[in-house]
Amino acid sequence: MSSLVPIFWLIVFVVIVVVVLFNTLFVVKQQHAVIIERLGRFQKIVGSGLHAKIPIIDRKAATVSLRTMKNGFDIDAKTEDNVTIGLEVSAQYHVSYEMGRGPADSGVYKSYYMLQQPVAQMRDFITDALRSSIPVYTLDDVFAKKDDIAKDVNATVSEQMAAYGFTLVSTLITRIALPREVEDSMNQINAAQRTKAAAQDLAEADRIRRVTEAQAEAEAMEKSGEGIANQRKAIAVGIKDSLETIQETGVTNDEANKLFMYTQWTEMMTEFARTGKSSTVVLPASFKETASVFEQMVAAEETNEQANVPPVPPQEN
């Protein structure tokens, strides 16, 4: 029995030592800070690592995270053209890393002792800044300049939150919500503008096509005219050479012209028989007559010449 007494007290001593050590030593995680209070009064701020405090007298008042945090807010505002819009705002912030001249001037101290609800206060600051900025912009300007608006709000709220030991890293406007009727109207306007632009593009394309076709047709007609002129020139030269050759055989000019007329007529009939695309055909007056086609053409030519002779004026007695 007497041998159990020392063992009992040894166990009690070990338990007391463990309890004392448990209340004396503590570990602070990376990117965290712990505020130590002594008898209810601020004592010090310790960073990451192993630390000791006086049991019962000292206590860990708070563990402050130094990591960047994020919160989202839904805020309503009215534009210059009296459109109420909903803004989804995302804010990234963290406790200030500045230590100041002493622990009481540090961001950790201010964030814990000076502001009880920092997120709610930051929301109020952002709401006030946005509702002061948005009314000077039209709805279209809000969409076009939302990044500039967010930067201005971030600069304003950063100064206000710095007094409470917080650094506002960035403020982002992630979404702009419109009333349903306004959104439908904007979609209709955009659709009308796109339809107008498409019609203008089609009209311009059709104009360019017509101009190009007209230019091509004019160039084709010009080339065709040049070809016809060259062809007629070549024909004239050929006729001249042929006439000279025929005249060497003793044929008169009148007979040569009549021979060319008959030759042209036979060539026309040959071409008609080959292609079948002609719409006008010159035929003999009567197939029963014994006169040849050549004789009929000569007779027609002589009749035409007599018809063109001016009448002789009557002579006075």
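**Entry 1. Ground rules.** I noted that this is a predicted model, in which local features need pLDDT of at least 70 and side-chain atom pairs count only at pLDDT 80 or more, while totals for chains, interfaces and linings use all residues. Residues are numbered from 1 along each chain as its sequence is written, and side-chain values use heavy atoms, with hydrogens and water left out.

**Entry 2. The whole chain.** I found eight helices and eight strands in the chain. Helices (H or I, at least four residues) and strands (E, at least two) are DSSP runs, numbered from the N terminus. Of the 317 residues, 23% count as buried. Buried means under 20% relative accessible area, exposed means over 50%, and partly exposed lies in between (1.4 Å probe, protein chains only). I then looked up contacts, that is, heavy atoms within 4.5 Å. Among contacts in the chain with a separation of 6 or more, 61% are between residues 24 or more positions apart.

**Entry 3. Helix α5.** I turned to α5, which runs over residues 146-162 and has 17 residues. From its first C-alpha to its last it reaches 24 Å, close to the 24 Å expected at 1.5 Å a residue. The expected span is 1.5 Å times one less than the number of residues. Which residues of α5 are buried? I listed Ile-149, Ala-150, Val-153, Asn-154, Val-157, Ser-158 and Met-161. They cover an arc of only 165 degrees around the axis, and therefore lie on the same side of α5. The arc is that of the directions from the helix axis to the C-beta atoms. On the other side of α5, Lys-151 and Glu-159 are exposed. The buried residues of α5 pack against α3 (118-133), α4 (139-144) and β8 (166-177).

**Entry 4. Helix α3.** I next examined α3, which has 16 residues and reaches 22 Å from its first C-alpha to its last, close to the 22 Å expected. Its buried residues are Pro-118, Met-122, Phe-125, Ile-126, Thr-127, Ala-129, Leu-130 and Ser-133. What covers them includes β6, β7, α5 and β8.

Entry 5. Two strands pair if DSSP finds at least two bridges between them. Lys-78 has Thr-84 of β7 as its bridge partner. The two strands form a hairpin with five residues between them, and Asn-82 in the turn has a positive phi of about 60 degrees.

**Entry 6. Gln-92.** Is Gln-92 buried or exposed? I found that Gln-92, which has its place in strand β7, is buried, with a relative accessible area of 16%. Its side chain makes a polar contact with the side chain of Ser-90 at 2.8 Å. A polar contact is a pair of N or O atoms within 3.5 Å; within protein, one must be able to donate a hydrogen and the other to accept it, and residues adjacent in sequence count only if both atoms are side-chain atoms. Not counting residues up to four places away in sequence, Gln-92 touches several others, including Thr-68, Met-69, Thr-167 and Leu-168.

**Entry 7. Ser-96.** I located Ser-96 in the loop between β7 (84-95) and α2 (107-113). Ser-96 is buried, with a relative accessible area of 12%. Its side chain reaches the backbone nitrogen of Glu-98 at 3.3 Å. Leaving aside neighbours within four places in sequence, Ser-96 is in contact with Gly-107, Val-108, Gly-165, Phe-166 and Thr-167.

Entry 8. Most residues other than glycine have a negative phi. Gln-31 is in the loop between β1 (25-28) and β2 (32-38) and counts as partly exposed at 34% relative accessibility. Leu-39 also is not a glycine and has a positive phi of about 55 degrees. Leu-39 lies in the loop between β2 and β3 (41-46), and it counts as exposed at 71% relative accessibility.
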